[in-house]
Amino acid sequence: MIRLLLIVLFALLIGTALSLGLQYDLGYIRISLGNYLVETNFWVGLVLIVVVVALMVLTTNLIRRMRQGTGLVANWVSRGKERRARRRTTQGLLALAEGNWPRARKMLTSAASHADTPLINYLAAAQAAFESGDHEAVDELLRKAFESTPGSDMAVGITQAQLQLAGNRLEQALATLVRLRKQSPHHPFVLKLLKTTYLRLEDWRELSKLLPELRKRSVLPESELGELERQVWHNLLEKAAEDCRRQQQQDPNTSLEPLTRLWDELPGFLRRDEKTIADYARLLADLGDEAQTETLLRKVLHNHWSDDLVNLYGRVEGRKPDEQLLTAEQWLKDRPSNAELLLALGRLSLRNELWGKAREYFETSLKLRRSRDTLAELSRLSAHMGDEEMSIKLMMQGLATDNGLPELPMPRA
């Protein structure tokens with residue numbers, strides 16, 4: 001109410017001022033434009049100027065409103081496209097999950113340009129294209145994914161490597177992963193994919209170089225990592241033995257340095273691992289260095305007992321077979337009922353031409369455990385000692401054991 005009274009009072013004051021001003025002759029306004037001359041009373045000219053200014057202000061406001069209206073329309077259109085893109089993206093992801101690859105690729109790519117996350121659209125579309133077998137489209141979609149989002153090189157690269165591995169393009173996958181590792185040397189998933197790639201390429205040397213980083217970054221569970229290390233070094237030992245074997249074919253006096261040097265490179269826990277020791281000992285023996293094999297096994301068995309290793313110890317010939325037999329007999333004092341040790345002692349007795357002692361060891365071992373090896377050794381020894389009936393009997397028992405024959409009644413001879 002007070003504001004209204006103030007406005008009325010202000011209007012009255014202005015009206016009074018104007019009425020007073022009109023009583024005085026303030027002259028006239030004269031404007032010359034080329035050949036035209038305009039003359040008017042001062043008050044009329046003032047009104048015209050006010051009207052012109054008012055028109056200019058109104059025109060400016062009208063133009064501004066029109067521009068704002070165009071922007072609102074554009075925003076409305078843009079929001080509509082974004083809504084459609086989100087809907088198509090959802091439909092595309094559902095189609096991808098359902099295995100409808102063509103529809104998934106179509107929906108995802110058509111929505112990518114207006115999607116909130118075009119990177120996701122292109123990566124998912126690349127997956128759909130891969131499942132459809134269109135590898136050229138995969139590369140093109142991955143390129144678009146990289147261009148759509150700055151800083152997406154790692155995500156795009158990992159997706160590319162996974163698809164290359166899935167498509168058995170191992171060399172391309174390796175190149176991609178090596179590039180990614182240069183960018184991020186300790187990225188756990190890149191390391192895991194590299195492990196898979198080297199394993200499928202059977203590149204044991206490069207995989208052995210990767211093992212310390214896999215352990216340091218805890219990329220794999222401890223049990224899986226330990227088994228992987230055994231597999232890697234076992235294959236490296238096999239390869240080194242094969243190299244030695246080829247060199248022996250050219251020069252029988254060649255050394256076994258490639259194999260022994262690799263053994264020194266093994267991690268400490270593997271050089272104490274029973275299975276790894278057995279693998280290395282067998283390779284040494286196969287290459288003809290049974291003396292070194294006997295020394296290795298004797299040292300290991302002195303500190304760590306293993307039935308598998310003592311079985312191998314009974315098969316190799318050391319530098320001094322008599323001392324080898326005495327060493328094994330010392331072990332028998334602590335393990336009088338060990339069937340595997342008794343079998344090894346029987347073989348070592350044969351090596352020392354102690355036929356009767358060998359037979360006693362074999363028979364004692366057989367009483368403790370009926371094994372195919374013991375039956376075969378005792379059968380062979382009985383045949384050479386003239387007891388052919390016993391040899392045949394033992395051989396038949398061995399055949400029955402090998403073939404898993406059940407215990408059945410048989411006619412008497």
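Biologist: What is the relative accessible area of K239?

Modeller: Buried means under 20% relative accessible area, exposed means over 50%, and partly exposed lies in between, with a 1.4 Å probe and protein chains only. K239 counts as partly exposed, at a relative accessible area of 49%.

Biologist: Before we go on, what are the ground rules?

Modeller: This is a predicted model, with residues numbered from 1 along each chain as its sequence is written. Local features need pLDDT of at least 70, side-chain atom pairs count only at pLDDT 80 or more, totals for chains, interfaces and linings use all residues, and side-chain values use heavy atoms, without hydrogens and water.

Biologist: Which residue meets K239 in a salt bridge?

Modeller: A salt bridge needs a side-chain nitrogen of Lys or Arg within 4 Å of a carboxyl oxygen of Asp or Glu. The two partners sit 4 residues apart in helix 10, so about one helical turn separates them. Helices are DSSP runs of H or I, at least four residues long, numbered from the N terminus. At 3.7 Å, N to O, the partner of K239 is D243.

Biologist: How far apart are the closest N and O atoms of R143 and E147?

Modeller: Both residues lie in helix 5 (residues 135–148), 4 residues apart, about one turn of the helix. R143 is partly exposed at 36% relative accessibility, whereas E147 is exposed at 54%. The closest N and O atoms in their salt bridge are separated by 2.7 Å.

Biologist: Which residue forms a salt bridge with E257?

Modeller: Helix 11 (residues 257–265) holds both partners, 4 residues apart. E257 is partly exposed at 45% relative accessibility, and R261 is partly exposed at 43%. The N to O distance is 3.3 Å, and the partner is R261.

Biologist: Which residues do salt bridges that share partners join into one network?

Modeller: By the same cut-off, the count comes to 28 salt bridges. Those that share partners give one network: K239, E242, D243, R245 and R246.

Biologist: Against which helices do the buried residues of helix 14 pack?

Modeller: Helix 14 (residues 290–303) reaches 20 Å from its first C-alpha to its last, close to the 20 Å expected at 1.5 Å a residue. That expected span is 1.5 Å times one less than the number of residues. Its buried residues include L296, L297, V300 and L301. With contact taken as heavy atoms within 4.5 Å, they pack against helix 13, helix 15 and helix 16.

Biologist: What is the phi of E202, about?

Modeller: E202 sits in the loop between helix 8 (188–201) and helix 9 (204–216). The residue is exposed, with a relative accessible area of 55%. E202 is not a glycine, yet its phi is positive, at about 60 degrees.

Definitions and conventions: Helices (H or I, at least four residues) and strands (E, at least two) are DSSP runs, numbered from the N terminus.
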